[in-house]
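Dear colleague,

Please find the structure below, together with its sequence. My notes on what was found in it follow directly after.

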Amino acid sequence: MVDPSSNASHHSATLCVVDGDERERQSLVDLLGSLGAPVRSFNSAVVLLVCLQDTEMALLVSDVRLPGISGIELLRQIRDRGVRAPTILLSGEGDLRTAVDAMRAGAVDFIEKPIIDRIVLRRAKSALEASPASAH
């Protein structure tokens with residue numbers, strides 16, 4: 001998805017998790033791992049952006065509050081780089097302005113923390129099924 005010229009036959013689309021809190025990040029990795037796709041985690045937006053060329057992203061789940069670049073700014077930057085993976089943003093402070101900013105940036109969903117596993121799984125499955133990339 002990042003580089004359309006890459007050889008599509010040898011890769012597997014990855015579910016990406018970005019969260020600055022190690023415990024929450026690992027919990028999301030474990031949860032999304034149950035969907036059967038590879039999951040990569042990143043402790044900041046900057047680290048994900050550095051690894052972006054080497055990752056075919058099927059789904060991004062990111063906290064809004066990250067060290068350095070926010071989850072919303074991360075979403076804007078990956079969209080600017082041509083990545084169209086569906087994105088779910090999570091926030092401990094789910095105010096209306098943040099939710100609207102997330103959706104305007106291109107998020108497919110906005111979930112308030114504390115997260116409920118079954119809701120995140122259901123919305124992640126829905127986002128993956130609705131994604132044009134899932135047809136490949």
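**Ser 62 and its surroundings**

Leaving out residues up to four places away in sequence, Ser 62 touches Val 18, Gly 71, Leu 74, Ile 88, Leu 89 and Leu 90, where a contact means heavy atoms within 4.5 Å. Ser 62 belongs to strand E3, residues 57–63. Helices (H or I, at least four residues) and strands (E, at least two) are DSSP runs, numbered from the N terminus. The relative accessibility of Ser 62 is 0%, and the residue therefore counts as buried. Buried stands for under 20% relative accessible area, exposed for over 50%, and partly exposed for values in between, with a 1.4 Å probe and protein chains only.

**Basis of the model**

The model is predicted: local features need pLDDT of at least 70, side-chain atom pairs count only at pLDDT 80 or more, and totals for chains, interfaces and linings use all residues. Residues are numbered from 1 along each chain as its sequence is written, and side-chain values use heavy atoms, with hydrogens and water left out.

**Overall architecture**

The protein chain contains five helices and five strands. Read from the N terminus, the order of these elements is β-α-β-α-β-α-β-α-β-α. The protein chain has 136 residues, of which 43% count as buried. Among contacts in the protein chain with a separation of 6 or more, 61% are between residues 24 or more positions apart. The accessible surface of the protein chain comes to about 7400 Å², and carbon and sulfur atoms contribute 49% of it. These areas come from the Shrake-Rupley method with a 1.4 Å probe; for residues, only the protein chains shown count as cover.

**Strand E1 and its partners**

Strand E1 (residues 14–18) pairs with strand E2 (residues 39–42) in the parallel sense over four bridges. Two strands are taken to pair if DSSP finds at least two bridges between them. Between E1 and E2 the chain passes through helix H1 (residues 22–33), and this β-α-β crossover is right-handed. The term right-handed applies if, with the strands pointing away from the viewer, the path from the first strand over the helix to the second runs clockwise.

Within this pairing, Cys 16 stands opposite Arg 40 in E2, and Val 17 has Ser 41 as its bridge partner in E2. E1 also pairs with E3 in the parallel sense, over five bridges, and there Leu 15 stands opposite Leu 59.

Why is E1 described as largely enclosed by the rest of the structure? Five of the five residues of E1 are buried, so the strand is largely enclosed. Both of its faces are covered, with Thr 14, Cys 16 and Val 18 buried on one side and Leu 15 and Val 17 buried on the other.

**Cysteines**

How many disulfides does a search of the whole structure find? The search returns zero disulfides, a disulfide being a pair of cysteine sulfur atoms within 2.5 Å. Cys 16 is in no disulfide, and its nearest cysteine sulfur, that of Cys 51, is 9.1 Å away. Cys 16 counts as buried because its relative accessibility is 0%. Cys 51 likewise counts as buried, at 19% relative accessibility.

**Asp 109 and strand E5**

Asp 109 is part of strand E5, residues 109–112. With a relative accessibility of 17%, Asp 109 counts as buried. Apart from neighbours within four places in sequence, Asp 109 is in contact with Thr 87, Ile 88, Leu 89, Met 103 and Arg 123. The side chains of Asp 109 and Arg 123 are joined by a polar contact of 3.4 Å. A polar contact is a pair of N or O atoms within 3.5 Å; within protein, one must be able to donate a hydrogen and the other to accept it, and residues adjacent in sequence count only if both atoms are side-chain atoms. Asp 109 and Ala 99 are 10 residues apart in sequence, and their C-alpha atoms are 8.7 Å apart.

Thr 98 lies in helix H4 (residues 96–105) and is buried, with a relative accessible area of 15%. Not counting residues up to four places away in sequence, Thr 98 touches Val 64, Ile 72, Glu 93 and Phe 110.

The peptide bond from Lys 113 to Pro 114 is cis, with omega near 0°. Pro 114 sits in the loop between E5 and helix H5 (117–130).

With kind regards
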